[in-house]
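Work through the exercises below with the model open. Each task is followed by its solution.

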Amino acid sequence: LPAPEGLTKEGWIFFSLFVCVFIGLIIEPLPSAYIALLGVVIACILKIGPSLDSAADVTSSKVIAWGLSGFSNTTVWLITIAFNFALGYEKTGLGKRISLALVNKMGKSTLGLGYAITFSDLLLAPFIPSNTARSGGTIFPIVKNIPILYGSSPEKEPRKIGSYISWVAFASTCVTSSMFYTALATNVLAKSLLEDAGIWVPSWTEW
């Protein structure tokens, strides 16, 4: 398709490549890391990545520098380290032990159980930059078996305790995901948008 009016040929190709990477990340024919890296490599081969005044200014060295620039981004490395922490929590079972300990100490009542779920999410949030992995993968497998003990299931009396626990877990992860810079991957996007706009960017503690 021809480039729309006001858009350069390189910009149109870059947009098309971005859409392809976006679709690839959704349907995942390959792991997401491969798809993202493949998008960068293709952009470098086509020399459409760097934003320069003219196509003639695009040299191989500038293209390579642009392609590797993301690996020098401190924000990206911060999230990489956070994901490594999350992997450690998963492999060692530390996250589950923390959740079980809180449920054991505070789960004597329905209200206490709600606090246990919330505090478990709060303690894990700074180290697990994915609310899906944190709430759905670590906490939910523990608490999902508790309502059954009280005769509450999706099929039988779900509002007895099951729906309460589910909503507490859902609400708490929404809050904790916003509290910490490393609690949600999209927080990184928000920070990068602030940096690109030249607006004040909060540090981890200021966030």
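**Exercise 1: cysteines**

The sulfur of Cys20 lies 16 Å from the closest cysteine sulfur, in Cys44, too far for a bond. This is a predicted model: local features need pLDDT of at least 70, side-chain atom pairs count only at pLDDT 80 or more, and totals for chains, interfaces and linings use all residues. Residues are numbered from 1 along each chain as its sequence is written, and side-chain values use heavy atoms, with hydrogens and water left out.

Task: how many disulfides does the rule count?

Solution. A disulfide is a pair of cysteine sulfur atoms within 2.5 Å. The count is zero. Cys20 is also exposed, at 51% relative accessible area (exposed means over 50%, buried under 20%, partly exposed in between; 1.4 Å probe, protein chains only).

**Exercise 2: a helix pair**

Task: at what angle do α6 and α7 pack?

Solution. Take α6 as residues 110-124 and α7 as residues 131-143 (helices are DSSP runs of H or I, at least four residues, numbered from the N terminus). Their angle is about 145°, with the axes 11 Å apart (axes are lines fitted to C-alpha atoms over the stretch in contact; angles run from 0 to 180 degrees between N-to-C directions). Next, list contacts (heavy atoms within 4.5 Å). Ile117, Ser120, Asp121 and Leu124 in α6 meet residues of α7 including Arg134, Thr138 and Val143.

**Exercise 3: the core**

Task: which residues have the most contacts inside the largest nonpolar core?

Solution. A nonpolar core joins buried Ala, Val, Leu, Ile, Met, Phe, Trp, Tyr and Cys residues through side-chain atoms within 4.5 Å. The largest has 15 residues; Leu113, Ile117, Val143, Ile146 and Ile165 have the most contacts inside it. α6 gives the most to this core, four residues.

Note on methods. Helix = DSSP H or I, 4+ residues; strand = E, 2+ residues; numbered from the N terminus.
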